[in-house]
Amino acid sequence: MTRRSLIVLGVVGAMLVAVLLLTRLDFPSDDSLGALHAPGLADRLGELESLRVTRAGNEVVATIERSGQGWGVAERGGHPVDFERFRGSLLALSEARRVERKTALPEFYPRIGVEDVSAPDAGGYLFELGYGGSRPEDRFILGNRAGTGMIYIRTAGEEQSWMVSAELSLSDETRDWVDRDIIDLGSGEVRRVELDRGDGDRLEIAKEDRDDINFTPRDIPEGRELSYGSVANSIAGALANVEANDVRPAAEVAGLARAVLALYETFDGLELELDVREELPAGAGDDEAAENDTDPRYWVLFSAGAAEAADREEPTVSAVDAAPETSPVTAKERAGELNAALAGWAYELPGYKSDQWFKKMDDLLRED
């Protein structure tokens with residue numbers, strides 16, 4: 001055997017020995033990886049009384065509190081919370097598991113958004129879970145997203161930060177914590193809509209039969225015709241799948257001028273009145289406000305009732321909602337449900353919805 005062969009065999013032997021040794025060595029491991037970030041939180045949630053979400057500069061985004069009526073957002077007068085967002089956030093926190101140990105140095109916290117939210121440019125959110133004094137608060141700083149289903153987190157008061165597996169829906173906007181899905185009245189249910197903007201400025205549209213496709217305005221001027229057959233349908237459909245932009249207590253808009261009084265009647269006898277109030281932009285009338293051309297905001301107050309003759313036609317249930325042995329909801333019952341949910345609140349609807357109530361007869365007719 002040559003000298004070169006001996007050297008090669010020696011190197012190979014040394015490598016094999018090294019591999020064998022490596023397989024027998026026990027490397028130190030981080031036992032906390034894969035563990036719950038907040039062990040026991042799931043059990044504590046049954047005692048939860050409040051959740052406060054705070055962003056940069058110690059600005060409170062939402063304070064969600066338990067009351068006899070359920071969970072409400074204090075910054076919106078106690079309006080019901082978006083329960084799916086609220087519940088989902090709490091469950092995600094209670095189930096978050098540690099994936100990777102991150103920085104424990106405060107100077108590096110801003111890189112992943114877990115610095116204290118007292119900083120004016122902090123990138124994360126402070127979640128404070130209160131238990132009504134029965135136990136200490138749980139406080140977590142939720143930082144930047146770290147990829148799909150991952151987020152950086154640091155328990156307030158602790159130095160160590162982590163990347164955890166958690167799908168959290170965060171927002172700077174108070175309104176995003178509020179339940180804003182308020183009504184779904186499809187145009188197929190609507191029989192008649194009446195718009196009254198005051199000083200004789202009125203518009204009424206209707207259809208004679210539930211199966212009619214299009215709504216027709218009343219009192220079309222002689223010699224005029226609709227610009228197209230379905231031009232009025234968007235007015236009737238303005239209350240379909242409505243998600244409000246924002247909400248506030250009705251008392252806060254009581255002093256605003258009425259812009260429109262709208263009445264929607266259904267074939268089943270439901271009568272829904274919309275009192276639309278106009279909030280002018282701050283500084284309206286000033287040159288600066290005019291230059292900025294800021295649009296007014298329109299707030300809707302809902303009031304529901306049932307026509308006296310509502311029992312003449314049998315109430316219906318949509319195919320989606322129909323089920324064996326399910327009793328149809330009457331107009332009176334539906335009005336009660338709507339009043340229970342909407343009365344006492346003012347809702348700002350998206351512009352493409354509220355714009356429908358300002359259409360006039362000329363907007364629906366072909367130009368001469």
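1. Side chains of opposite charge can pair when their charged atoms come close. Please keep in mind that this is a predicted model, where local features need pLDDT of at least 70, side-chain atom pairs count only at pLDDT 80 or more, and totals for chains, interfaces and linings use all residues. Residues are numbered from 1 along each chain as its sequence is written, and side-chain values use heavy atoms, with hydrogens and water left out.

2. Take a look at Arg-76, which forms a salt bridge with Asp-246; their closest N and O atoms are 3.0 Å apart. This pair links distant parts of the chain, with Arg-76 in the loop between S3 and S4 and Asp-246 in strand S15, 170 residues apart. Helices (H or I, at least four residues) and strands (E, at least two) are DSSP runs, numbered from the N terminus. Are the two partners buried or exposed? Arg-76 is buried, at a relative accessible area of 19%, and Asp-246 is buried too, at 10%. Here buried means under 20% relative accessible area, exposed over 50%, and partly exposed in between (1.4 Å probe, protein chains only).

3. A second pair to click on is Arg-180 with Asp-176, whose closest N and O atoms are 3.1 Å apart. Arg-180 counts as buried at 13% relative accessibility, and Asp-176 is buried at 17%.

4. The pair Asp-196 and Arg-202 has its closest N and O atoms 3.2 Å apart. Asp-196 is partly exposed, with a relative accessible area of 24%, and Arg-202 counts as partly exposed at 48%. Both belong to a network of salt bridges that also links Arg-191, Arg-192, Glu-194, Glu-204, Glu-208, Arg-218 and Glu-265.

5. S11 pairs with strand S16 (residues 257-266) in the antiparallel sense over six bridges, and Arg-192 stands opposite Glu-265 in S16. Five bridges join S11 to strand S12 (residues 202-206), again antiparallel, with Glu-194 opposite Glu-204 in S12. S11 and S12 form a hairpin with five residues between them, and Gly-198 in the turn has a positive phi of about 85°. S11 is mostly covered, with five of its seven residues buried.

6. These strands belong to an open, antiparallel sheet of eight strands, in the order S13-S12-S11-S16-S17-S18-S19-S15. Strand S13 (216-217) and strand S15 (246-249) stand at the edges with a single partner strand each, so one side of each has no neighbour in the sheet. Within the sheet, ten bridges join strand S17 (residues 270-279) to strand S18 (residues 297-306), and Leu-274 stands opposite Phe-302 in S18. Helix H7 (residues 331-342) packs on this sheet, touching S17, S18 and strand S19 (345-348), and its direction makes about 145° with that of S18. Contact means heavy atoms within 4.5 Å; axes are lines fitted to C-alpha atoms, for helices over the stretch in contact, and angles run from 0 to 180 degrees between N-to-C directions.

7. Another open sheet has nine strands with antiparallel pairing, in the order S4-S3-S2-S1-S6-S7-S8-S9-S5. Its edge strands are S4 (79-80) and S5 (97-101), each pairing on one side only. Five bridges join S1 (residues 50-55) to S6 (residues 125-130), and Leu-51 has Leu-129 as its bridge partner in S6.

8. Helix H3 (residues 83-95) lies across strands of this sheet, including S1, S5 and S6, running at about 90° to S6. Among its buried residues are Phe-86, Leu-90 and Leu-93.

9. Which residues touch the most other members of the largest nonpolar core? Of its 72 residues, they are Leu-129, Tyr-264, Leu-272, Leu-274 and Trp-357. A nonpolar core is a set of buried Ala, Val, Leu, Ile, Met, Phe, Trp, Tyr and Cys residues joined through side-chain atoms within 4.5 Å. Apart from it lies another core of nine residues, among them Val-114, Val-117, Leu-126 and Tyr-152.

How values were computed:
Pairing = 2+ DSSP bridges. Salt bridge = Lys/Arg side-chain N within 4 Å of Asp/Glu carboxyl O.
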